[in-house]
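Have the viewer open as you read.

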Amino acid sequence: MAISYHTDMKNNDIEKMIVNMGDAGCSSADIDRVCRLHEAGLDDEIIKCLRRCRCDLVEELHRSQRKVDCMDHLIRTAEKN
């Protein structure tokens, strides 16, 4: 059974969402897509798009964490020598 996330977003809500997406670092393509989905009344698809954007941000976070881990290793190695 599929879960419906139908929200009936108002124009004011979508404007706030667009600002927040920009603040979160979402791409302009994703922001444009959300605008088009809103205009088409596809609020459920907006949720899917936001979830995908979130996954992209989490993946970016993991990539950054791996870089920090590498730097920590280099620092520890340099301190031992």
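Leaving out residues up to four places away in sequence, E45 touches R33 and L37. E45 itself sits in helix 3, and keep in mind that this is a predicted model. Across the whole protein chain, the secondary structure comes to three helices and zero strands, which reads as α-α-α along the sequence.

**Around E45**

- How exposed is E45? It's partly exposed, with a relative accessible area of 27%.
- E45 and V34 are eleven residues apart in sequence, and their C-alpha atoms are 8.3 Å apart in space.
- V34 is one of the buried residues of helix 2, and L37, which E45 touches, is another of the residues buried there.

**Chain-level numbers**

- The protein chain has 81 residues, and 19% of them are buried.
- Take the contacts in the protein chain with a separation of 6 or more: 50% of them come from residues 24 or more positions apart.

**Helix 1 (11-23)**

- Helix 1 has 13 residues, which should span 18 Å at 1.5 Å a residue; the end C-alpha atoms are 19 Å apart, so the two agree.
- Its buried residues are I14, M17 and M21.
- Looking down the axis of helix 1, those buried residues fall within an arc of 55°, so they line one face of the helix.
- Helix 2 and helix 3 are among what covers the buried residues of helix 1.

**Helix 2 (28-39)**

- Helix 2 runs for twelve residues and reaches 16 Å from first C-alpha to last, close to the 16 Å expected at 1.5 Å a residue.
- Which residues of helix 2 are buried? They're D30, I31, V34, L37 and H38.
- Seen down the axis of helix 2, the buried residues fall within an arc of 125°, so they too line one face of their helix.
- On the face of helix 2 turned away from that buried side you'll find the exposed residues S28 and E39.
- The buried residues of helix 2 pack against helix 1 and helix 3.

**How helix 1 meets helix 2**

- The axes of helix 1 and helix 2 come within 10 Å and cross at roughly 170°.
- An angle over 145 degrees counts as roughly antiparallel, and helix 1 and helix 2 are therefore roughly antiparallel to each other.
- On the helix 1 side, the contact is made by N11, I14, M17, I18, M21 and G22; on the helix 2 side, by D30, I31, V34, C35 and H38.
- Sorted by class, this contact of helix 1 with helix 2 has seven nonpolar, three polar and one charged residues.
- I14, M17 and M21 show up in that contact and are also the buried residues of helix 1.

**Glycines beside the helices**

- Where does G25 sit? It's in the loop between helix 1 and helix 2.
- G25 is exposed, with a relative accessible area of 53%; the cut-off for that label is over 50%.
- Just after helix 1, G25 takes a positive phi of about 90°.
- Just after helix 2, G41 takes a positive phi of about 75°.

**Helix 3 (43-80) and C53**

- Helix 3 has 38 residues and reaches 56 Å from its first C-alpha to its last, close to the 56 Å expected at 1.5 Å a residue.
- D43, I46, I47, C49 and C53 are buried in helix 3.
- Helix 1 and helix 2 are among what covers the buried residues of helix 3.
- C53, which lies in helix 3, is buried with a relative accessible area of 5%; under 20% is what counts as buried.
- Setting aside neighbours within four places in sequence, what is C53 in contact with? The partners are M21, C26 and D30.

Key: Residues numbered from 1 in each chain as written. Predicted model: local features only at pLDDT ≥ 70, side-chain atom pairs only at ≥ 80, totals over all residues. Heavy atoms only, no water. Helix = DSSP H or I, 4+ residues; strand = E, 2+ residues; numbered from the N terminus. Buried < 20%, exposed > 50% of the residue type's maximum accessible area, 1.4 Å probe, protein only. Axes fitted to C-alpha atoms, helices over the stretch in contact; angles between N-to-C directions. Parallel < 35°, antiparallel > 145°, perpendicular 65-115°, else oblique. Contact = heavy atoms within 4.5 Å. Nonpolar A, V, L, I, M, F, W, Y, C, P; charged D, E, K, R; others polar. Expected span 1.5 Å × (residues − 1). Arc of directions from axis to C-beta.
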